[in-house]
Amino acid sequence: MTENKIIQDLLQSVKLSKGFYAWMTFLTISLFVCLYAYYLQLTTGLGVTGLRDYISWGLYIANFVFFVASSLVGMLISSILGLSGQKWITPIVRIAEIIAVAFAAVAGLVIVSDMGRPEKLANVFLYGRFQSPILWDVTVVTTYVIISLLLFYTPLIPDLTIAYKNRTDLPKWQKGLYKILSLNWVGNLEQVQLQKKAIGILLVLVIPVAMAIHTVTSWLFAVTPRSGWSSTILGPYFVTGAFVTGVASVIIAMYIFQKIYSLKEYIYDIHFDKMGKLLVLVCLIYLYFNINEFLIPGYRMPKHEAAHLHSLFSGSHSIMFWFVQIVGLILPIILLIFKPFRKPFPITLIAIIVFIGAWFKRYLIVISPQEHPFLPIQNVPENFTYYVPTITEIAITIASFVLVLMIISVLSKVFPIIPIHETLTERNKQNEK
Amino acid sequence: MEENYKEPNKKSRRDFLKTLGIVGAAGASGAMALYFGQQYENIKSGKKVKLLTVDNKVVEFEDGKLKEYERQTEELFIRGREGIAGKSWVMVIDLAKCQNARKCITACQSAHQLRPEQYHINTLTMQDSQDTPAYFMPKPCMHCDNPPCVSVCPVDATFKRNDGPVLMDNDRCIGCRFCIAACPYSARIFHWFDPKNAVLFKDMPYDLELNVPQKLGTVTKCLFSADRLRKNELPYCVSNCPNGVYYFGDKNEDAVTNGTTKETVRLSTLLKENAAYRLMEELGQEPRVYYLPPKGRKGTLPEENKNNENHV
C-alpha cells in the first residue's frame, strides 16, 4: 500500500454523511424520549423508580459501575499492551480511547441521575468531606476522563494536519477545527519528540488512575458493613471484571467500524484473533476471582451471607446468576480457545453476550446484598422487600447508553478512527527492516 | 459599644439622630431612626439588666439593646449541629416488656411528618432460631459512636453531635443514599415522594433537631428527639410507651428515666443487673442503644407462625 492510499483510506470516513445525520437524529430523538422519563423523576421524586428504603441503590448504580468498568479498557489497550511493545494494537488504540472517554464521561452523569436532589450537586464541592469514598470517586473519575481525553487527543494531533492537508472537500468548520486542534503540527523533530514524551507520560500516568477508578468504585460497596459487599477482594474483583467488559466492547466496536467505514485492510482477522485471546485471558482471571468471591463464603455459609448466596445460587436471582457465570464467562472462554470462533463475526457475537452478561453481573453485585440486610425487613408494603426496575428507570438508563453512542459516533466520525500517523510510522519502520 | 462612647463626635451624632427623628417622625424611616435614638439614650443612661444565659451564666446587658429573640433557621442550624453541652444521651430498651403496642412508632411518625410506612423507629418481630420463641424488638437508630453513615456521607449532611445523637441536615443532603447503604441497622429511610403534608409544612423554618419540614429526595432518620432533649423532655417514643419499655438519660450522670413510670434509675446498675447488650456488637459501630434481654417472651415458635412471611 502506498502512503497516499493509506491516507485516503483512513480519511474517507471523516466527512459527515447523510447516514451519519440520520443516525444522529435517531439518537437525539431517542435521547429526548428518555429524557422525558428523567423529567418525570425530577418532578415526582425517585419514587418513580422501583427503589425503596431497603434496596435503595438499583439500576443507576449498577449501570454506573458498568460504565466505569467499560472505560477501563482504554488503559488496558493503550498502556498495558502499548507499553509492552505490542505493535498490532495500533489500529485499535483510538477505538479503545474513544470508548474510555465516552463511558467514563457518561458515568459521571449516570451518578447524577441517581441523586435525590441533583440541584444540590454543588454541595459536593462546597462541603465535600474527603473521608467519603464518593469524593475519591469524583476525583479519580474526573482525572481519568481528562487523561483519557489527552490520550485520545495527543496522538491525534499529526492526523489533524494530515486531514487538513488531504481533505479539501470538507466544510469550513471542520477544516477550521482541524487547523486549530492540530496546533501547527508540521512533524519536525522537536514536535515529534515532544509528542512522544507527552504520550509516554500519559500512558504511565493513566495506569494508576484507571486502577483507582474501579478500585474506588468497588470501595463504595466494600466500605459498608454489609454482608455480600464487605469483601476484601472487591477491588481486584472489580478491576479484573472491568477488563472483561472493556475488551468485549472494543471487539464489538471494531466489528462495527470495520464494516461501516470499510476498514477491512486495517482491522482484519489477526486483530480479532488477538483480541479473542486477550478476552480469554481476562475472562480466566475474572473467573478466578469469581471462584474466590463465591466459593469461600459459600463453603462457610455464615448466617447473613447465606441468605444472599442462596438467592444467587438457587433463589430469586439464580437464573441471572448462572447465565452470567456460565453463558457470560465460562462458555466464551471455552469457545474462544478454538480459532474458528476468533473470526470477526463469531467473536463479535460472543463479545455481545459477554457484554450483556457483564452488565447483569453488576446488577447482581449491587442489588442482591441489599435484599438481605442484617435485620429483617418488616411492617412495610410488599414492594419494599424486593426490587424490580420501572419503565421510567429503564428509560433513563437507556438514555445513558444513547449518550455513550452519541459521543462515540461523533468522535469516530469527526476524527479519523484509525491513527494515520502511527500507521505510517509503523509501515516505514517495517520497510526499513 | 464602649468605643462609641469615646468617639469625639458623639455630641453631633446624638444631635443628628434627634434631628433625624423629628424630621422623619411622619415616615417609616423616621420611626426607625427614633428607635435607634431611643436605644442610644438608654445606653447613655447606663441602665442595665441582669440575665441568665442558657449555659447558666449571669450577664449584664444595656437595657436598650434587648429585644425578644426569634430563632432563625440559621441559628437552629448552628445549635442543632453543636448539641447540648455536657450531655451524653443513651437509651435502654427492655425487650422483656415490649408487647408491640406500637405507640412509640405512631408518636414518632406524627412528630416527624412521616407516613405510616416510614419508620424512624420500627418494632420488629425477631426470630433468632427455630427453637426460641419470637420477641418484639423496637429498633430506633443506634446513634453509633463509630457511625458508618457519617463516615460515608460526602457532604457532611449527617453528623455526630457532641451529646451523642447522629443527626441529619436535610438542607445539605444531596440524596445519594450512601448512608442508607452503609447502615447495618437499616435505620435510615428516604423520601421517595413528597413528604406527608408537604404543603402544610412548606413555609415553616427548618428545625434541624426535629428534621421538619421533611424534604423530597433527602434521607431522614431517628434523631433521639433532639428537639425534646433541648426542652429537657424525654423523646417521643420513650414518653409514649404504655409498657415501660424505654429508659432514656444522660450517661455522664449515670441516670436513665423510664418513659412510662418516670422512675429514674442508675444506668450502670440497670445494665449490670439485667445482662444488657448492644445490637451486633461485633460490627464495632459502638451503638448508644442498650437492650435488656427478652425474658418471658410473648412471641410464638416458628411452627405456630408459619404464615408470617416476614421472618427472614
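Student: Which helices of chain A do the buried residues of α14(A) pack against?

Tutor: Keep in mind that this is a predicted model. The buried residues of α14(A) pack against α12 (269-300), α13 (303-313) and α15 (344-367) of chain A.

Student: Which residues of α14(A) are the buried ones?

Tutor: Look for A:Phe321, A:Val324, A:Gly328, A:Leu329, A:Pro332 and A:Leu336.

Student: How do I check the span of helix α14 in chain A against its end C-alpha atoms?

Tutor: Count 1.5 Å a residue: the 20 residues of α14 (residues 318-337) of chain A should span 28 Å, and the end C-alpha atoms are 27 Å apart, so the two agree.

Student: Where does α14(A) bend?

Tutor: At A:Leu331, by about 35°, with the proline A:Pro332 following within four residues. A:Pro332 is also one of the buried residues of this helix.

Student: Let's move to chain B. How many helices and strands are there?

Tutor: Chain B has 11 helices and 13 strands. Of its 312 residues, 40% are buried. Among contacts in chain B with a separation of 6 or more, 57% come from residues 24 or more positions apart.

Student: What is the order of strands in the open sheet of chain B?

Tutor: First the general idea: strands of a sheet pair through backbone hydrogen bonds, either parallel or antiparallel. Here, five strands of chain B run in the order β12-β11-β10-β3-β13, and the pairing is mixed. At the edges stand β12 (264-266) and β13 (289-292) of chain B; each has a single partner strand, so one side of each lacks a neighbour in the sheet. On average, neighbouring strands of this sheet are turned by 25° against each other, direction ignored.

Student: Do β3 and β13 of chain B pair in the parallel or antiparallel sense?

Tutor: Parallel, over four bridges, with β3 covering residues 89-94.

Student: How many residues does each chain bring to the contact?

Tutor: Chain A brings 38 residues and chain B brings 39. On the chain A side, α6 (123-126) and α7 (133-153) are the elements that give two or more residues, and α7(A) gives the most, with three. By class, that side has 20 nonpolar, 12 polar and six charged residues.

How values were computed: Residues numbered from 1 in each chain as written. Chains lettered and ligands numbered in written order. Predicted model: local features only at pLDDT ≥ 70, side-chain atom pairs only at ≥ 80, totals over all residues. Pairing = 2+ DSSP bridges. Axes fitted to C-alpha atoms, helices over the stretch in contact; angles between N-to-C directions. Expected span 1.5 Å × (residues − 1). Bend = angle between axes of the 7 residues up to and from the residue. Buried ≥ 20, exposed ≤ 12 C-beta atoms within 10 Å, placed from the backbone. Contact = placed C-beta atoms within 7 Å. Nonpolar A, V, L, I, M, F, W, Y, C, P; charged D, E, K, R; others polar.
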